[in-house]
Amino acid sequence: KLLIGNVVISLLTSWTVLILFFAFTEPHSAIRGAVDTVKFFRVSFLYAGFAFISSLIREAIKDMEDLEGDTRYGCRTLPIVAGIRSAKIYVTIWISVLIISLSVLQLYVLQFRWWLAVVYSIALVILPLVYLLFQLAAAKTTAQFSFLSRLCKLIMLAGMISMIFFRMYF
């Protein structure tokens, strides 16, 4: 089915982030509303959201990369059903949502004077997402989509590594 596989993969990716929350939290503290648990819960869901959206982006880019093979095997991916142009618009919307969300989050984090975290996020997550956005518009070949897929992986890795800052600041 169209997009079902991408959504399932993205849900599983975000679930791996949420497993950390559930593994390191006692159910009693979550019910009591302990301050640290509530903070950890919010941060976990922020990262799970990042994992979900960035995985959704990468899966759609991979579908564009694998267009020829998927067509041969009768797959019904977004680029096959709606075309590359529509798939690019879909990915552009999700990248834009991620850039805007992360930018707003950085403005929020600035009030805590987490300068290093903000610089890291801008330099290694937001700006590469902007670059990804512009490269996506120009991409036409399998090699270009393959590059974008690898870039997306690096952005995802950089985003997940940023968890270190919450460990530092909390």
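This is a predicted model: local features need pLDDT of at least 70, side-chain atom pairs count only at pLDDT 80 or more; totals for chains, interfaces and linings use all residues.
Local features were taken at pLDDT of at least 70 and side-chain atom pairs at pLDDT 80 or more, while totals for chains, interfaces and linings use all residues. Residues are numbered from 1 along each chain as its sequence is written, and side-chain values use heavy atoms, without hydrogens or water.

The largest nonpolar core holds 40 residues. Such a core is a set of buried Ala, Val, Leu, Ile, Met, Phe, Trp, Tyr and Cys residues joined through side-chain atoms within 4.5 Å. Buried means under 20% relative accessible area, exposed means over 50%, and partly exposed lies in between (1.4 Å probe, protein chains only). Ile57, Val91, Ile95, Leu129 and Leu132 touch the most other members. Two or more residues each come from helices H1 (4–23), H3 (35–65), H6 (84–110), H7 (115–138), H8 (142–161) and H9 (163–169). Helices are DSSP runs of H or I with at least four residues, numbered from the N terminus. H3 gives the most, with eleven residues. Ile95 contacts (heavy atoms within 4.5 Å) Ile57, Leu129, Leu132, Leu133 and Leu136, not counting residues up to four places away in sequence.

Helix H1 has 20 residues. Its span from first C-alpha to last is 28 Å, close to the expected 28 Å. The expected span is 1.5 Å times one less than the number of residues. H1 also has a kink of about 30°, centred on Val17. The bend at a residue is the angle between axes fitted to the seven residues ending there and the seven starting there. Asn6, Ser10, Ser14, Val17, Leu18 and Phe21 are buried in H1. The buried residues of this helix pack against H3, H8 and H9.

Gln106 lies in helix H6. Gln106 is buried, at 8% relative accessibility. Beyond its neighbours within four places in sequence, Gln106 contacts Ala117, Val118, Ser121 and Ile126.

The whole structure has two salt bridges. A salt bridge is a side-chain nitrogen of Lys or Arg within 4 Å of a carboxyl oxygen of Asp or Glu. Glu59 and Arg58 form one, at 3.9 Å, N to O. Glu59 is buried at 12%, and Arg58 is buried at 14%. Glu68 and Arg72 form a salt bridge at 3.2 Å, N to O. Glu68 and Arg72 are about one helical turn apart, because four residues separate them in helix H4 (residues 67–72). Glu68 is exposed at 60%, and Arg72 is exposed at 58%.

There are zero disulfides, defined as pairs of cysteine sulfur atoms within 2.5 Å. Cys75 is partly exposed at 30%. Cys152 is buried at 2%.
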